[in-house]
Amino acid sequence: MRFGAAVLRSYESRFAVEEVILNAGPDDGEILVKIAGCGVCRTDLAVRRSAGRSPLPAVLGHEGAGVVVETGGPDTGLGVGDHVVLSFDSCGHCRNCLGAAPAYCDSFASLNLFEGRKESAARFTDAAGRELAPRWFGQSSFAEYAMVPARNAVRVDPSLPIELLGPLGCGFLTGAGAAFHSFGVGPGDTLAVFGAGAVGLAAVMAATAAGAVTVAVDRHPERLALAERLGAIPLSAASADLPDRVRQLTDGGAQYALDTTGVAQLINDALRALRPTGHLALVARLHTALPLEPGTLDRGRKISHLCEGDAVPGLLIPRLIGLWQAGRFPFDQLIRTYPLADINEAERDCETGRVVKPVLVPVGRGG
């Protein structure tokens, strides 16, 4: 099967939309999905800074959504024509998967981040027959088609705009899951969100829907204006005495804080902005030691790292869709669509902050 995909051939090169070849149909438990749209996530773009840990060339993309065109075996639970949102991969049988914590699957790294996958890379090649890296997050959905473990897929109502739903599988799922699951926010709770990108704004929308008071901290005025429209109290990251300002706005300190920036100073500010017993969660992967200032973890405050919003995608994605249909999770306001051919423009707009969530829309050529 031949189709178009955006291939990254080196850490420094631009994406190139090329013809690629899938040399086999779905195995048992797999589905072939015609991609209608795929979000661009900073995790995809961070591959450029992975210092050789990610094998290239590769097809990235892990916020795909589309229509099932073929299934493998009788036990996928899905049929041809089903509309699906794709999320991260997990094994389904380790202790954490069985405990409804698939984001902490024992095999998460090997299943999602290229390393150690057992499948044959030769199954997926470029037009000249050269091997491409195995599936990224079980998807590699910067493409017209993706071969996906059925476990990754969440069936959705076919009347919905499927091309817009892909980011519900990762970025929006992570932020909303932080509010709903990691923190369990409810009416009257207080949440400070540091970084008003896709993950942070999803946390703002979810916390607002849950009745919490939310403060959004960012350095970009346009992002703060957007956060305010979504229900947050905006606060510039350049504010003098930032932790004091957060405490003033949250009646003595935030109960919860979410950092999406990975910036050490902001992480320390977030800890200082917490009330006693407050909880700060980090979503960015840290690549250097994190220096914590004296006193930041006093009085019962704690810090943790969360993955994929502590979510079970099959449960949270339908919940977010329901909130969106009720006008309480307007994620579509954060999206701008691009043809797959414009992936480099989408990457630039994402990196510069011009667009919160780019979504690539392939132009199908059959297969």
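Predicted model: local features only at pLDDT ≥ 70, side-chain atom pairs only at ≥ 80, totals over all residues.
Which residues of β8 are buried on one side, and which on the other? Tyr-145, Met-147 and Pro-149 are buried on one side of β8. Ala-146 and Val-148 are buried on the other. Both faces of the strand are therefore covered. Buried here means under 20% relative accessible area.

Strand β8 has a pairing partner. Strand β3, residues 30–39, runs antiparallel to β8, and 5 bridges link the two.

Now turn to an open sheet of 4 strands. Its order is β4-β1-β2-β7, with antiparallel pairing. Strands β4 (58–59) and β7 (124–126) form the edges, and each pairs on one side only. Strand β1 covers residues 2–8 and runs antiparallel to β4, joined to it by 2 bridges. Leu-8 finds its bridge partner in β4 at Ala-58.

Buried residues of α10 pack against β1, α1 (42–45), β16 (335–339) and β17 (357–361). Helix α10 itself covers residues 343–352. Its buried residues are Ile-343, Asn-344, Ala-346, Glu-347, Asp-349 and Cys-350. An α-helix has 3.6 residues a turn, so residues three or four places apart point the same way. Just after α10 comes Gly-353, with a positive phi of about 80 degrees.

Next is a parallel sheet. It is open and has 6 strands, in the order β12-β11-β10-β13-β14-β15. Its edge strands, β12 (233–236) and β15 (302–305), each pair on one side only. On average, neighbouring strands of this sheet are turned by 20 degrees against each other, direction ignored.

Look at one pair within that sheet. Strands β10 (residues 190–194) and β11 (residues 213–218) are parallel and share 5 bridges. Val-193 has Ala-216 in β11 as its bridge partner. Helix α6, residues 221–229, packs on the sheet and touches β11 and β12. The direction of α6 makes about 170 degrees with that of β11.

Helix α8, residues 264–272, lies across β10, β13 (254–259), β14 (274–282) and β15. Helix α8 runs at about 150 degrees to β14.

How values were computed. Residues numbered from 1 in each chain as written. Heavy atoms only, no water. Pairing = 2+ DSSP bridges. Buried < 20%, exposed > 50% of the residue type's maximum accessible area, 1.4 Å probe, protein only. Contact = heavy atoms within 4.5 Å. Axes fitted to C-alpha atoms, helices over the stretch in contact; angles between N-to-C directions.
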